[in-house]
Amino acid sequence: MKPKQLKSFLTTAVAVVVFSNSTQAVTVTLNADDPLIGFMNVFELPANGGGFVFGSGWGISDLTATTDSGANSITISPNTIGDPNEFWYQNTSGTAPDPANPGGPGQAGNKLMEANIFAQETGTFAGQTVTFDFEVLADSLTGAHQARAFIRDFAPDFSSSFDIFLPLNGLSGPQSISLSTINDPGRHIQYGYQLLGENVWVTDTAPFGSITLGAVPEPSTTLLGALGLTGLVGLRRRK
């Protein structure tokens, strides 16, 4: 191959590699106005064995979460259950008039609640490195409840997953996590937030605190394309 032909071939090869790699990574964020999904997993308390009880889709407000479109933020608080049944609450005060329905102010929860708020993509991110950017705007949670950010890559039937979690208690400011997904268009990629801890009677939530999470603006596709082209031009000039 002649030097000029070799130079042209290498430039083309670099261009192919640059654009190929750009399709193998995606950066996401979670906005207050996104079509968010809520899911609750319920477990027994560790003192009762800690076993899984059930999991089901819940509304965002039922997870004790609120969204603020103006601030583009999501605030999550410890979960509350309005049903006073002993399934949900303990008679810790010993003064409940009906032991079968002890729930009320001052009574401890009887379940561990794992509230999940997330977005889900199926097939779109297959075989890519997904980066989830967000910001911890405020955190007043106590050690009784643990918040985490996550990216989860589920099998098509949701029977298994591999995941990355980032504990959020005590953090502040911009944060980021990444996960390389399996190249299978049938898999489901979820990214979002999770809060785990005992359910709390609705009038008792304040002392347990809350966490507020904000979106980080996604890079402009146009800007990224321009940067990629600038890089190629620079490569051509150096050659």
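Here are some questions and answers on how features of this predicted model get their labels.

Q: Why is H145 called buried?
A: Buried means under 20% relative accessible area, and H145 has 2%, so the label applies. H145 lies in strand β8, residues 145–154. Leaving aside neighbours within four places in sequence, H145 is in contact with P78, N169, L195, L196, G197, E198, V200 and F208.

Q: What makes β8 and β11 a strand pair?
A: Two strands pair if there are at least two bridges between them, and β8 and β11 (residues 188–200) have ten, in the antiparallel sense. Within that pairing, A147 stands opposite L195 in β11.

Q: What makes β3 and β9 edge strands?
A: Start with the strand order, which is β3-β2-β6-β11-β8-β9 in an open sheet of six strands with antiparallel pairing. β3 and β9 (161–167) each have a single partner strand, so one side of each is left without a neighbour in the sheet. As for the twist, it averages 25° from one strand to the next.

Q: Why do F54 and W88 count as an aromatic pair, and why is that pair called edge-to-face?
A: Ring centres have to lie within 6.5 Å, and planes over 60 degrees apart count as edge-to-face. F54 and W88 come in at 6.4 Å centre to centre with 85° between the planes, so both labels hold. The count of aromatic pairs by this rule is eleven.

Q: Why does the pair of F54 and W88 tie together parts that are apart in sequence?
A: F54 lies in strand β3 (residues 52–57), while W88 lies in the loop between β5 (73–76) and β6 (108–122), so the parts tied together are 34 residues apart in sequence.

Q: What makes the positive phi of N72 worth a remark?
A: Most residues other than glycine have a negative phi. N72 is not a glycine, yet has a positive phi of about 50°. N72 lies in the loop between β4 and β5, and that hairpin has four residues between the strands. With a relative accessible area of 25%, N72 is partly exposed. T64 also has a positive phi, of about 60°, although T64 is not a glycine. T64 sits in the loop between β3 and β4 (65–68).

Q: How do you know that β4 and β5 pair?
A: The rule asks for at least two bridges, and four join β4 to β5, which run antiparallel. T67 stands opposite I74 in β5.

Q: Which residues touch the most other members of the largest nonpolar core?
A: I76, F132, L168 and Y193 do, in a core of 38 residues. Contacts of L168, leaving aside neighbours within four places in sequence, include F134, V136, A147 and Y193. F132 and Y193 also belong to a cluster linked by ring pairs, together with F134 and Y191.

Notes: Residues are numbered from 1 along each chain as its sequence is written. This is a predicted model: local features need pLDDT of at least 70, side-chain atom pairs count only at pLDDT 80 or more; totals for chains, interfaces and linings use all residues. Side-chain values use heavy atoms; hydrogens and water are left out. Helices (H or I, at least four residues) and strands (E, at least two) are DSSP runs, numbered from the N terminus. Buried means under 20% relative accessible area, exposed over 50%, partly exposed in between (1.4 Å probe, protein chains only). Contact means heavy atoms within 4.5 Å. Rings of Phe, Tyr and Trp (its six-membered ring) pair if their centres lie within 6.5 Å; planes under 30 degrees apart count as stacked, over 60 as edge-to-face and the rest as tilted. Axes are lines fitted to C-alpha atoms, for helices over the stretch in contact, and angles run from 0 to 180 degrees between N-to-C directions. A nonpolar core is a set of buried Ala, Val, Leu, Ile, Met, Phe, Trp, Tyr and Cys residues joined through side-chain atoms within 4.5 Å.
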